[in-house]
Amino acid sequence: MGSPIELAKDKELKEIVENKGIEDILGKSVPYPKDIEIKGKITKDIIEEISKSKKEPQWMLNLRLKALELFEKLPMPNWIAGVESIDLEEFAQYVKPKVEVAENWDQLPDWMRDMYSRIGLPETEAKVLSGLTAVFDSENIISRLKDELKQKNVIFMPMDEAVQKYPDLVKEYFGKEFPMADHKFAALHYALWSGGAFVYVPKNTKIVNPVEAFFIIGGEMEGQFEHTLLVADDNSSFGTSYIHFIEGCAAPVLRNYSFHDGMVEIYAGKNSQVYFSTLQNWSRSIINFNNKRAIAEENAHVEWVEGSIGSKMTYTYPSTVLRGRGASTKNISIGISNGPYIKDVGSKAIHAAPDTKSMIISKSISSNGGIATYRGLVKVLKGAERSFSHVQCDSLILDEKSQAYTLPRNEVDEPTAIVSHEATVGRLGEDQLFYMASRGIREGEAKALIVNGFIRDVLKSLPLETVSILTRVIGLEFSELGSVG
Amino acid sequence: MPLETIDLNVTIGDKQILNNMTIKLERGEVLILMGPNGSGKTTLAFALLGHPKYQINKGKIILDNNDITDYPTYQRALMGLGLAFQNPVEIPGLRLSMLLNAIQMKKSGSSFDISSIDPKLIIWARNKARELGLQPSFLEREVNVGFSGGEKKRSEMLQILTMDPKYIILDEPDSGLDVDGIKLIGETIDSLRSAGKGILIITHHAEITKFVSPDKVMIMSKGKIVDEGGIELIKKVEEYGYKDYEGVQ
Amino acid sequence: MNSFEINIENIKKHKWQDIGDSPTTKYYTDWSQYEKILNKQGELKFEKPNGKFDFIVGPCGNSNKAYEPKLIKPEESKLASYHFYYLNEINEINLDSGEYAISFCNPISERWVSQHLIVNIKENSNVSLLIYEGRKSPGSSVIEINAHKNSKSNLAILLDPEIKYPTAYLIRKAIYSQASMNSMTFSTPTLMNRIEEKVVLFDNSIFNHKSLTLSYKNSRVDNIIDTIQVGRNSDSDVSGLGFAFDSSLSSVRGTDIITYDGRKSRSNFIVEAIILGNSARAYTMPMMKIETGDVISATHKSAQYRVSDDILFYLQSRGLTYEEIVSLLVYEKSLSMANHLENIKEKVQEFIKQKLDRIFKNQL
């Protein structure tokens, strides 16, 4: 056997022997999370000012102040990679009821205006898309739906308004599903929240058509720290699609801020059904935190659908706590990281009662140097007898530069539970590309086709409108147009 | 000394499946039980073996004059009641030879010792496997994992032969088998009858009666016996189906 | 003591782990159990292991001394630092083709004892190797295996520490270019038994590994298997299985990494934890970090479950009681984990059977 020096001459062993050890090789290939630098400060005064301008009751102000305290105490979450600095002072400017975006057409970046003209959009429509005008002008749809909801005694209004009009109802549920101490940015959210929607569906009420509900929520969802609270009382059902761009063309949406920290809380009462879907295609400058949590009571069913396509980095982990016997949750997530961006998405299911079920399907796609990460947790507490959970997470890596990470955790404290998880990583082969090219299909189009095939089984369980939008977005994303910005 | 159920009512959750079901199976007798899907045939088989999901809220099961209604499953098996499953579950990691070894150990009453493998049993099992149309190497496969329909039936029969029960319930022993397979199973059943076993065959197409002639045929519908007779009943059902029995109380 | 010049005051200030293991369970390894041992003093004896061995490692044995660890460094973790702090010597054994049995001396003590073995499997050789360790003291053992170019090896690491002492096993393997290895790691439990196995695969290497851990009474086992494929066309098949009886905890986890240099590689990673005790707990965390799209395939699976009701009913209808069914399935599944070990399969199965007998024949 050679001495360490002789072995070192062998190219392959060099790294190990040169004082590195395996751990260092391990270390090299894992991006070490850096500490995020926080610039500026948010003072109590700013919070008090916000609360005063919204005419909030004392309990809401107290909640904000407590959250600010927590924000300062809590450590930086160390599972975040790639976020380098956050400017808190920048945030304070945007905490207003309506977020201002670019004032006029000329303020839009060249590439965006270019894109709209290439797609063949007239300037007026493009303005709507870019958020220049009020997002939803479809008055007749809104008023028709508003009538139906009013008849059924459904409360559906901006969150700020609800705090004033229905303080007791809001107080009962606000902040109860997603604890502010959960992580630093949840606390920040609670301190600065503004905008969002409040929906209360009374007992035994069923709202059948999910997509229409979106138009009303959509406008309210524009915000940096929007807080949406959806309460489905016993035996009710409600679904909403929160789509972050408009039906018709899925161009990226521009925002002037660079850090988004929104939250969705859902309370699903006994036997209720709630369906919440988000499709996001934000511009590439944005760091997107999305805090989503649902509590499901006895026999309730909560379904999350998450499509993450845009933004520089997205961190979102819709979670459901199955608190009542027989509660169930389904979590579908599609994340596309096309370009040097990060999608760190996942899900959490906590089984805290017997006979609960969770089903999680995640499809991640990375290409052009993107990183797609699935981060999940399935926790079955003792006593959650006969619980069942299955997680399927598949990744598609479209080229040799891109990466996929799958980081699931399964913790089972209950002997009668069955918990399983499967993951595959697939790739786009050169032979597939060549075959398509020989049929005249260009690389971008081929990628879009393959991605659509990859997510096909998931598309089956989504409403038609969502599917058609998603398909168009994917097409755009992988075409030449999509890869800019 | 028969195997019988007396006025048996079996429910699964809230749903009632067997209604005042009374049947009797004598030793040395082959009884064919037919009925449309959903009539409760497999429920009867599982209830006889004491499957925990099926609740008995009325009636009794008697085996050789012992009331076994409340006995645990393994005890019923050791008392001489054997079931060949229609869709036997896969058991990854457990080799068929080890299962047969364990069955034999329990039957002989010796203490349960995993490490003790009886070479005589293995030789016997290999021969029996061959007789049933299975390669001896089949014994090293994991129980039911990747078995074809025919292999499952043969493997169930092999286990039954190892158990050597007094009463045997066969749930669709002929489905998935070709003519040669059915002939083989039928002939095996015939010789089991000659050996004094009481055999209940659950089937819905009775191909097997070409190779073993039943002593009695019973028709079941909606959880109870609606007709009894000989082979002529089979012909009647083959021609007219079960519609005549739908209204029978 | 401290032959490796560890600055212990510095080490004490560090955390055992930089990042928590999960949002709900900070650490799967209960580091406090090791903390309790660190300052213990007391007698130390070494006993010769029972059986015939080609090499015995330690003060009661006869293997060569080495000066430097190759695949593990003190700086990599607090645990590694403590290992080297309490370590007196590293033993190194070079093997050419053949079948070998190696055992550590058994330390008997209440205080932390470190042991360290490096095995080099020569280029182009064909080696079968069993490594036994049965310590009666707390502490850490490092086993480094270098499977050099084009070697073929069957390797079993069989660990049977005394249940009342916290233990840590740090296993490091390097499978060099065109080498192939069938390996198995088996361990009985202790109060806190951390088995941390890291494997690097170079180009065209093949690694087929099974890890089996038992956890019973109130023991806690944290079995981590990390594979890093840094060479092209490497092939990795790793399975981890943990049984959790009584009120014990079994965690089976690891990360499978295919780096950019590891293009055109293939990997499959399965972890299972079977809960057999009413207060037992099982945690699995099969992670994958695939840093290039140019892979042949990468899959992983995990499952936690008890014996299913369908299987229970089926086997009960064959006359078996619940306890008999559990013992039959545990034995069979455990023994089948050694099927890939070719000529050392029987010896390994014999060892496993003996340890399982403790559970099922009430010898605990």
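This is a predicted model: local features need pLDDT of at least 70, side-chain atom pairs count only at pLDDT 80 or more; totals for chains, interfaces and linings use all residues.
Me: What distance separates the end C-alpha atoms of helix α5 of chain C, and what span should its residues give?
Reply: Helix α5(C) comprises the 15 residues 322-336. At 1.5 Å a residue, taken over one less than the number of residues, the helix should span 21 Å. The model agrees with this expectation, since the end C-alpha atoms are separated by 21 Å.

Me: Which strands are at the edges of the open sheet of four strands in chain B?
Reply: The order of this sheet is β2-β1-β4-β5 in chain B, and its pairing is antiparallel. An edge strand pairs on one side only. In chain B this applies to β2 (15-25) and β5 (66-67).

Me: Which residue of β2(B) stands opposite Ile12(B)?
Reply: Strand β1 of chain B covers residues 3-12 and runs antiparallel to β2(B). Seven bridges join the two strands. Opposite Ile12(B), the residue in β2(B) is Lys15(B).

Me: At what angle to β2(B) does helix α1 of chain B run?
Reply: Helix α1(B), residues 41-49, lies across β1, β2 and β4 (55-63) of chain B. Relative to β2(B), the helix runs at about 75 degrees.

Me: Which strands stand at the edges of the six-stranded sheet of chain B?
Reply: The six strands form an open sheet of mixed pairing, in the order β6-β7-β8-β3-β9-β10. Each edge strand has a single partner, so one side of each is left without a neighbour in the sheet. The two strands of chain B in this position are β6 (81-84) and β10 (224-229).

Me: Which residue in β7(B) stands opposite Ala84(B)?
Reply: Strand β7 of chain B, residues 167-171, runs parallel to β6(B), and four bridges join them. Ala84(B) stands opposite a residue of β7(B), namely Leu170(B).

Me: At what angle to β6(B) does helix α5 of chain B run?
Reply: This helix of chain B, residues 149-163, lies across β6 and β7 of chain B. Its angle to β6(B) is about 170 degrees.

Me: Which residues form the salt bridge between chain C and chain A?
Reply: The contact takes 64 residues from chain C and 49 residues from chain A. Together these chains bury about 4800 Å², with 59% of that area on carbon and sulfur atoms. One salt bridge is found across the interface. Its closest N and O atoms are 3.8 Å apart, and its partners are Glu400(A) and Arg263(C).

Me: Which three residues of chain C supply 33% of the area that chain C buries against chain B?
Reply: In this interface, 20 residues of chain C contact 32 residues of chain B. The two chains bury about 2400 Å² between them, 69% of it on carbon and sulfur atoms. The three residues that supply more of chain C's share than any other three are Phe313(C), Tyr314(C) and Arg318(C).

Me: Which residue of chain B forms a salt bridge with Lys361(C)?
Reply: Four salt bridges are found across the interface of chain C and chain B. In the one formed by Lys361(C), the closest N and O atoms are 3.3 Å apart, and the partner is Asp113(B).

Methods. Residues are numbered from 1 along each chain as its sequence is written. Chains are lettered from A and ligands numbered from 1 in the order in which they are written. Side-chain values use heavy atoms; hydrogens and water are left out. Two strands pair if DSSP finds at least two bridges between them. Contact means heavy atoms within 4.5 Å. Axes are lines fitted to C-alpha atoms, for helices over the stretch in contact, and angles run from 0 to 180 degrees between N-to-C directions. Buried area is the accessible area (1.4 Å probe) that two parts lose on being put together, summed over both. A salt bridge is a side-chain nitrogen of Lys or Arg within 4 Å of a carboxyl oxygen of Asp or Glu.
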